[in-house]
Amino acid sequence: MNDRPPDDFVPGIDPIEGGVARDPAGGLEPEFEVALAGEGGPSTAVAESEIAGAEAYGEWLPEAEVIETRGTWTEVWRRFRKDKFAVAGLVIIVLLVVVAVGARWIAPHSPLTQYDSGLSAKGQPMAPSHHFWLGTDLLGRDLLSRLIYGARVSLIIGILANGFALCLGVIFGIVAGFFRGWLETLIMRATDVMLAFPILLLAIALSSSIANPGIWVLVVVIGIVYWAPMTRVIHGEVLSIREKEFVTAARLTGCTNRRILANHILPHLVAPIIVYTSLGIATTVLFEASLSYIGLGVQPPTPSWGQMISDGQPYYTSAPWLVLFPGLCIMITVLAFNLVGDGLRDAFDPQQRRR
């Protein structure tokens, strides 16, 4: 009987099972353990062959690297945190929300009370002092308190109006992009008309037709005039997604249109919806301030940043704080939402940053 080992025999490798040779206790052979520990000596070449054999047969090695897997949202948040400007914008937005929600407790004075000490002997607004930190307006009301309550008005209108426009845009965009046909032609031609029409003039016409426009009227008006851009974006996304292979496969397996929309179309629209929501709030805040500036937005005595700038415009030389501080509030708010929107866009699509 021939006891000569085969030519491809490698010490430490079982030629029958193809695994790493193990002792009866279930551990690795001593020379294999020594080689993994980095010991030198004549067994190094043997250990390298054993490692190669273990990798070939799927054996786990102690020195193998563990690959960390991240979810989609974890990866988006990791990329978002790298953008210092976006994080700064998010911090500002959080502070604005806290101020707006806690305006009742944060404001040092009532925003509607006209203080006798808030006007000079000549009836002029008071400059910033220890009692009125940002001064007073032309009626002797505390400017800081009105700015704090104005943040609540701007954020409420910005979020609700943009949410209403977003709902209309998503619904119209999905219907036009997914079902096509005459629905697509009708919706997209209406979208083209809305985009071609001056949005500010349309909003002025709608607001002026109502006797006393308030917060809810502005929400509806802004939502009506701003649904078209979102419809165009969602329509393009749906046209691209509906031609993907996984949608075709879902159709072949007998999935209904409702199931395809819920499980295959809508999940891919989350990223553009989130990005354009952040950018849309900035546009809506600025739009509300413009309407209030010309007297067609929030009506007095409810504080609004745009209305405060309009009221303080005649005093911009003698009392510049009446125009400066509301303007800074509008600028900082719009800038913060734009920074967050740009950061989210880069986080969801890193290729955008390289373009």
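Leaving aside neighbours within four places in sequence, with which residues is Ser145 in contact? The answer is given under point 5, after an overview of the model.

1. Overall content. This is a predicted model, and its protein chain contains 16 helices and zero strands. Of the 355 residues of the chain, 38% count as buried. The chain exposes about 20,200 Å², and carbon and sulfur atoms supply 63% of that area. When contacts between residues at least 6 apart in sequence are considered, 67% of them join residues at least 24 apart.

2. Confidence. The average pLDDT of the protein chain is 81, and 78% of the residues score at least 70. Helix α1 (residues 30-36) has the lowest confidence, with a mean of 44, whereas α4 has the highest, at 95. The pLDDT is below 50 over residues 12-43, a stretch for which the model has 42 contacts beyond near neighbours in sequence. Residues 54-62 also stay under 50, with eleven contacts beyond four places in sequence. Where pLDDT is low, the predicted coordinates should not be read in detail.

3. Helix α4. This helix covers residues 84-101, 18 residues in all, and it reaches 26 Å from its first C-alpha to its last, close to the 26 Å expected at 1.5 Å a residue. Its buried residues are Ala86, Gly89, Ile93, Leu96 and Ala100. Viewed down the axis of α4, these buried residues fall within an arc of 80 degrees, so they line one face of the helix. An α-helix has 3.6 residues a turn, so residues three or four places apart point the same way. On the other side of α4, Lys84 and Leu95 are exposed.

4. At the N-terminal end, α4 is capped by Asp83, which has a side-chain oxygen 3.2 Å from the backbone nitrogen of Phe85.

5. Ser145. This residue is placed in helix α6, and it counts as buried at 0% relative accessibility. To return to the opening question, beyond its neighbours within four places in sequence, Ser145 is in contact with Ala107, Pro108, His109, Ser110 and Pro111. The side chain of Ser145 is also joined to that of Asp142 by a polar contact of 2.6 Å.

6. Asp137. A polar atom of its side chain lies 2.7 Å from the backbone nitrogen of Arg141. Not counting residues up to four places away in sequence, Asp137 touches Leu119, Pro125, Arg146 and Leu322.

7. Arg232 in α10. Arg232 belongs to helix α10 (residues 227-241). With a relative accessible area of 37%, Arg232 is partly exposed. Its contacts, leaving aside neighbours within four places in sequence, are Met188, Thr191, Asp192 and Leu195. The C-alpha atoms of Arg232 and Phe172 are separated by 9.0 Å, the two residues being 60 residues apart along the chain.

8. Helix α12. In this helix (residues 257-265), Ile260, Leu261 and Ile265 are buried. They cover an arc of only 100 degrees around the axis, which puts them on the same side of α12. The elements covering the buried residues of α12 include α6, α10 and α11 (245-252).

9. Backbone geometry. Most residues other than glycine have a negative phi, and most peptide bonds are trans. Arg180, although not a glycine, has a positive phi of about 55 degrees. This residue lies in the loop between α6 and α7 (181-196), and at 34% relative accessibility Arg180 counts as partly exposed. Pro300 and Pro301 are joined by a cis peptide bond, with omega at about 5 degrees. Pro301 is found in the loop between α13 (270-293) and α14 (305-312).

Terms used. Residues numbered from 1 in each chain as written. Heavy atoms only, no water. Helix = DSSP H or I, 4+ residues; strand = E, 2+ residues; numbered from the N terminus. Expected span 1.5 Å × (residues − 1). Buried < 20%, exposed > 50% of the residue type's maximum accessible area, 1.4 Å probe, protein only. Arc of directions from axis to C-beta. Polar contact = N/O pair within 3.5 Å; in protein donor to acceptor, adjacent residues only side chain to side chain. pLDDT = per-residue confidence, 0-100. Contact = heavy atoms within 4.5 Å. Areas by Shrake-Rupley, 256 points an atom, 1.4 Å probe, with all protein chains shown as cover.
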